[in-house]
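I opened the notebook to record what I looked up in this structure. The entries follow the order in which I took things up.

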Amino acid sequence: MSKAKTESKNTKKETTGNVKIYIMGSAYEVPATLTIMKAMEYAGYKFTRGSGCRAGFCGACSTVYRKEGDFRIYTALACQTMVEDGMVLTQLPFVPADKPTYDINNLTPSANTILRFYPEVARCLSCNACSKVCPQDIQVMDYIQFSLQGQIDKAAEESFDCVSCGLCAIRCPAEIPQYHVAELARRLYGKYLMIAPSYLDERIKEIIDGKYEDGFKELMALSKEKLEERYKNRDKE
Amino acid sequence: MVNYSYFPGCNLKTNAKGFEKSAIAVSKKLEAELVEIPNWNCCGTVHTMTADNLMKRIAPVRVLARSRKHVEELENSSQDIVTLCSMCNSTLKIVNSEVLVDPEKLEVINFQLEDDEETYSSDMEVKHFLEILRDNIGFAKIANKVVKPLKGFKVTPYYGCMLLHPEEAKIDDEEMPSVLENLIESLGAEVVFSPLFKYCCGSYHIVSDEDIVTRQVQKIIDSAMIRGANALAVACPLCAYNLDQQQKMLMEKTGKKEAIPIFYFSQLMALAMGEPVEINHFEDHKIDPRILLKELKFK
C-alpha cells in the first residue's frame, strides 16, 4: 500500500478546522481531515475516472498539485494524501503511454528485449525525476538503469511495489513509460529467471490427482450459515 | 588487499561479460579487487561536445558521487573509480575534469542532485583498470602471478581511439603507447606491433552503415595478420564487437578464410593466471578464441 504522505513537514499545523484549496482554479473551503480525493468530492466533484480502490493499491488516482507561493510541482495518490492549506489541485484521469504488445513466451530476458519494445529507455539522462515523484518511494531511475544493463532480476525486484500510477512517465524528460518497462521486466523475471519452488509441481500434481475434490464437494454442499461458521473458526496463522 | 570502487558500464553486463568476469577474477588474484558500485547508472556516453548541455552531464557526475559514497563503505580503498570500458573511462574522465576546472558548472549540476543527497565535490579520480595494473600493481607482480605463460601467442595490441584521446582522458602516450605491450609481454606472449593500433574501428557506424565498419576492420586485421599476429588485444567493448562481428561478416561475404580472435586484455591475463577458461565467455565470440588455444595446445 502506498505510504500516506503529507508533503510538507513544516506546514502541517492543524488537523481540525477548514483549509482553503483550489480545484482547477476555483477556491473551496474543506475540512482539514480529508484526503485530496475526499476533499474534491466534498467540493462537489464526482469521479468517474481517476479513482479506484481508495486504499493506495490500484494507482488510479495520481494527482499533480502545487502550493501557493511554491514553485515546485508535487505529486501524490489522491486517496492517500491529506489536503493542506493552499493546495492547487487537479486530478489526472489517465496517464497516456504507449504499451506495445508482445508474446512473453518468445522473448529472452535481456537488455535487448527491453530496448526492442522500449528503445526510449536508452535516452535516460539519470536525472532521477521519476524516483522523486514516485508515491511508492521506488528508485525508478535505478530500475530503468538495471533494465538497460540487462540486470532484469534487479529491475524486477526494485520495481515490485509499483502501482502503475504513471507519475514517473509524466515527469520524464526522456519520455520513458517507466511503469510499463517495469512490467515487462517483472514478466521476464517471472517467466525466465525466477527459480520455481520445488513444491509448486507437487501441489499441481495433487490438484490434478483430485486430492482436494472431496473437500470442495463438501464445502459446496454447505448452507450459508454453516459456511460462515466455518469461516469464523478457520485456522489462522 | 586494496578494494577499488568499480564502475562496469552497460556493455560489461551484456555483450562483454567475459571482459568483466575475467577482470574481476584477476583483480582478486592481484590483491586489487574490483568491487562493483551497487546502484550505478549510465556513464553518459556519448560525451556531448556542447559545452552548456549540462543535462547530459548529470549521469556522469551522479556516477562519480555514487562512487564517492561507495568508497566510504569500502574497506581499504582509494579515491579512485575504476572502469574497464574505455568509452566509460573517457566520458567519466572528461566530465570529471570539466567540473573540476569549472565549479559553476558543477554547482548547476549539483542542484539537480541535491534532493537525492548525491552531490559531488570533485574529489574522485577516474582510472582505467590498465592504469591500476601499470601504476599501482606493476608488471613485475603480474608476471609473478603467471602460472601458464602464453607461449605461441602473437598478440597485436589494439588501443582504438578512446584510450588515447582526448588529452583529459588518455591513459598513455597517444603516439607511442606501451601499457598493453608491457602487459602482454608480462604474460609471456609475443607482441606484434601494428601501425594501425589506433585506426578507427568504425565505431557507431555499425548501427547505420555496416560497410564502413567492415572496411575499417579489414584493414586493422590484415595489418596485424600480415605481421604474423594470431590474436588481437583490446580494452573497448565496441572495438571488440566490431572487430569480432565484422570478421565473421567478411568470411561469409568474401569467402575470406582466415580470422584472428579478439581478446580483452583481461581474458589473456585470466588464461595466463590459470583461471578457469569458462569465465572468459568465449562462447559469446564470433571468432572463437578456443580454436587458437587448441592450435597452441594451451591447456
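**Entry 1**

I began with strand S1 of chain A, residues 18-23, in what is a predicted model. I noted Val19(A), Ile21(A) and Ile23(A) on its covered face. Asn18(A), Lys20(A) and Tyr22(A) lie on the uncovered face.

Next I looked up the partners of S1(A). Strand S2 (residues 26-31) of chain A pairs with S1(A) in the antiparallel sense, over six bridges. I found Ile21(A) opposite Tyr28(A) of S2(A). The two strands S1(A) and S2(A) make a hairpin, with two residues between them. In that turn I wrote down Met24(A), which has a positive phi of about 45 degrees.

S1(A) also pairs with strand S5 (residues 87-91) of chain A, here in the parallel sense and over two bridges. Tyr22(A) has Val88(A) in S5(A) as its bridge partner.

**Entry 2: domains and the chain contact**

I listed the domains of chain A as domain 1 (18-91), domain 2 (104-193) and domain 3 (198-232). The centres of domain 2 and domain 3 of chain A, taken over C-alpha atoms, are 39 Å apart.

How many residues does each chain give to the contact between them? I found 14 residues from chain A and 14 residues from chain B. On the side of chain A that touches chain B, helix H4 (residues 140-148) of chain A gives the most, with four residues. I sorted that side of chain A by class and got six nonpolar, six polar and two charged residues.

**Entry 3: the sheet of chain B**

In chain B I traced an open sheet of four strands, in the order S6-S5-S7-S8, with parallel pairing. Strand S6 (190-191) and strand S8 (262-264) of chain B are at the edges and have a single partner strand each, so one side of each lacks a neighbour in the sheet. S6(B) is joined to strand S5 (residues 154-157) of chain B by two bridges. Lys154(B) has Glu190(B) in S6(B) as its bridge partner. Helix H12 (residues 265-272) of chain B packs on the sheet and touches S5, S7 and S8 of chain B. I noted that the direction of H12(B) makes about 80 degrees with that of S8(B).

**Entry 4: two helices of chain B**

At what angle do the axes of helix H10 (residues 210-226) and helix H11 (residues 237-254) of chain B cross? I read roughly 95 degrees, with the axes coming within 9 Å. H10(B) and H11(B) are therefore roughly perpendicular to each other. Residues in the contact include Val213(B) and Ile220(B) of H10(B), and Leu243(B) and Met249(B) of H11(B).

Conventions
Residues numbered from 1 in each chain as written. Chains lettered and ligands numbered in written order. Predicted model: local features only at pLDDT ≥ 70, side-chain atom pairs only at ≥ 80, totals over all residues. Contact = placed C-beta atoms within 7 Å. Nonpolar A, V, L, I, M, F, W, Y, C, P; charged D, E, K, R; others polar. Domains from an automatic or database assignment. Axes fitted to C-alpha atoms, helices over the stretch in contact; angles between N-to-C directions. Parallel < 35°, antiparallel > 145°, perpendicular 65-115°, else oblique. Buried ≥ 20, exposed ≤ 12 C-beta atoms within 10 Å, placed from the backbone. Pairing = 2+ DSSP bridges.
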